[in-house]
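I opened this notebook to record what I looked up, entry by entry, in the structure shown below.

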Amino acid sequence: MLDTQPRLLSVGTANPPERYTQEEIAERFEIPDPRIRSLFRSAHIHTRHLYLPPVDQRGAPSETQGELLSKHLRGALEIGPQAVERCLAPLRLGVKDIDYLCCITTTGFMAPGLTAHIIKHMGFRPDCSRADIVGMGCNAGLNGLNPVSAWAKANPGKNALMLCIEVCSAAYVFDGSMRTAIVNSLFGDGSAAVLVRADPADDRRFAPRVLGFNSQIITEALGAMRYDWDEHHGKFSFFLDRDIPYVVGAHAELPVDRLLNAHGLKRRDIAHWVVHSGGKKVIDAIKYNVGITEHDVRHTTSVLRDFGNLSSGSFLFSYKRLLEEGKVRRGDYAVLMTMGPGSTIETALIRW
Amino acid sequence: MYETLRFNEQDGVATITLNRPGGNCISMQMVREISAICDRLEDESKSTVVVIRGAGGAFCAGIDFDDFDPNAVMDIHGFNKWEKCCTRIERLPMSTIALVDGAAIGGGLQLALVCDQRLATSASIFQAPEVKLGFLPGMATFRLAKYVGLGIAKRLLLTCPEITADEAAGYGMIDAVVDDLDVGLNQAIHNLGPNHNVAVQLTRRLLNECYGTDYQNALGHFLAAQHRAISQTAFLDTLKQAKKGE
């Protein structure tokens, strides 16, 4: 029987060239408040790649919303294509081989969307189908992988590419408050691309099949993570409720168990957990609610340490580290898990 | 149903009785059967306590050397399987109690150490003889010092003395020496009640992790675990009772 399950054939990532330690960022913006400086000293994030702006006389960054949107597109057209090239190179594919492109971002809004810009910038075929997923936040990578996998399954042999691009340094407010400092100390810039194809000819490749998805939206926590207009600053501003990591953790078992039950699996059958690097609190909450270990989230925590929270593409950075580790074996199952605004938890099951 | 052990569940207590002639030694078949019981306990059991004991006057006299072929290339696979089995017992959603009567040697000692509590008769002896036999005492290298301190653990694992139940209790390696294991077990079960599995499981996990975690990380883990505990029915019932009493 021909196998037409979609597979994740390759992944590529990219970040802006400039990398900063948390101390360098706190110094650069002359943050005086010791409570805020302590946020930048916490041990779970060491470095982040960012497109940092110049500072004014008061040591503060001063970019208008218009300038931020321009920076988002500029950054997207630098790191997006790099991730695409790194994803396609191992498969000896070029952008003209791509039949479907799905771009994901929350850190900038535009029409036409990122897919149009990427297609023009990189020279994709004009008949490349496309979709933009905008504004879904850190969970969006799996919200994207779901329809991309479905498209791949419906179009056997065709190449579908999902590209997450987040320029979080184009989505900030700097006002000296704890609310904005939490966000400003957490997020990093990065892009991740994954090639999905359902093709019996790939049967012998060591690449996981995408078996299914499950979601959990926590509507009572709709406002707990949000990116909305801040009238006072004239910018979009991200808000993270203090307790939302624990609320997300408390609901995490639900989609995981539904996902596994649908395939007759138990949590102990899962060899690898690829969890979004949302922040230390939410990673802890997932660990203690789902019953997974520090070892299970080793790539999640190392990606957080080295890059910060990269929003929608974060889990693909962890997935790439899992592959590079070389411990995955044929037959292994992995659960992919992302969390974000909604509030929501997205899960996917894959198997090598 | 099982070749190397007996298993039964009654009144909320699941009992695994190791049952092999010659001291209930650990074979790969026993490892597979204990793992299968862990599946069953995780998936369908209503028990709140798991008891591990031995038949025939011994708890467990170590690993079965018949599983090894001196003419074959040695591999580490079986040791890894055994440790995975120990970890699964350590993480069961129930409280675990080892009842030791007779020898708890080598892997038998390791098995007792992964349980939450250890009760022993005065006829019991404990020993980790592996170093004298040319191999390592499993992950007792990881667990024993947490119970007895590094100095005593070094002496017990490097010079391999046989120690009595009284000595083991003095070192903190076992919880109590009892005349009658079943009486001791009933008392231990009584002391555990009322049993709230989530609180037990999370507290045990934090304790098991406490030597390898710095304070800031341990605090983060505690807050995540505590949030889970206080969201459970058990704590909400406690709050309701407290309100009623006001």
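Entry 1: I began with A:Asp306, which counts as buried at 18% relative accessibility, where buried means under 20% relative accessible area, exposed over 50% and partly exposed in between, with a 1.4 Å probe and protein chains only. A:Asp306 forms a salt bridge with A:Arg305, the closest N and O atoms being 2.9 Å apart; the term stands for a side-chain nitrogen of Lys or Arg within 4 Å of a carboxyl oxygen of Asp or Glu. A:Arg305 itself is partly exposed at 33%.

**Entry 2: conventions.** I note that this is a predicted model, in which local features need pLDDT of at least 70 and side-chain atom pairs count only at pLDDT 80 or more, while totals for chains, interfaces and linings use all residues. Residues are numbered from 1 along each chain as its sequence is written, chains are lettered from A and ligands numbered from 1 in the order in which they are written, and side-chain values use heavy atoms, with hydrogens and water left out.

**Entry 3: other charged pairs.** Side chains of opposite charge can pair when their charged atoms come close. I searched the whole structure and found 35 salt bridges over all chains. One of them joins the side chains of A:Asp127 and A:Arg125, with 2.7 Å from N to O; A:Asp127 is exposed at 53%, whereas A:Arg125 is partly exposed at 24%. I also looked up A:Arg242 and A:Asp243, whose side chains meet in a salt bridge at 3.4 Å, N to O. Here A:Arg242 is exposed, with 62% relative accessibility, and A:Asp243 is partly exposed, with 31%.

Entry 4: The size of an interface is often given as the accessible area lost when the parts come together. For chain A and chain B I noted about 1400 Å² buried between them, 48% of it on carbon and sulfur atoms, the area being what two parts lose on being put together (1.4 Å probe), summed over both. In chain A, the residues A:Tyr246, A:Arg268 and A:Tyr288 lose the most area to chain B, and together they account for 55% of what that side buries. Counting contacts, meaning heavy atoms within 4.5 Å, I get 16 residues of chain A against 18 residues of chain B.

Which residues are linked in a network of salt bridges? A:Lys266 and A:Arg268 are linked there with B:Asp39, B:Glu42, B:Asp43 and B:Arg88. The count between chain A and chain B is five salt bridges, and B:Glu42 meets A:Arg268 in a salt bridge at 2.7 Å, N to O.

I then asked which helices of chain A supply at least two residues each to the side that touches chain B, and found α7 (244–251) and α9 (280–290), helices being DSSP runs of H or I with at least four residues and strands runs of E with at least two, numbered from the N terminus. α9(A) gives the most to that side, with six residues.

**Entry 5: cysteines.** A disulfide is a covalent bond between the sulfur atoms of two cysteines. With the rule of two cysteine sulfur atoms within 2.5 Å, the count comes to zero disulfides over all chains. For A:Cys168, the nearest cysteine sulfur is that of A:Cys138, 7.3 Å away, and A:Cys168 is buried at 10%. B:Cys115 is buried at 2%.

**Entry 6: two single residues.** A:Arg37 lies in helix α2 (residues 34–41) of chain A and is partly exposed at 21%. Not counting residues up to four places away in sequence, A:Arg37 touches A:Ala26, A:Glu27, A:Ile31 and A:Pro32.

B:Ser124 lies in the loop between β6 (117–120) and β7 (125–127) of chain B and is buried at 2%. Leaving aside its neighbours within four places in sequence, B:Ser124 is in contact with residues including B:Val100, B:Asp101 and B:Ile163.
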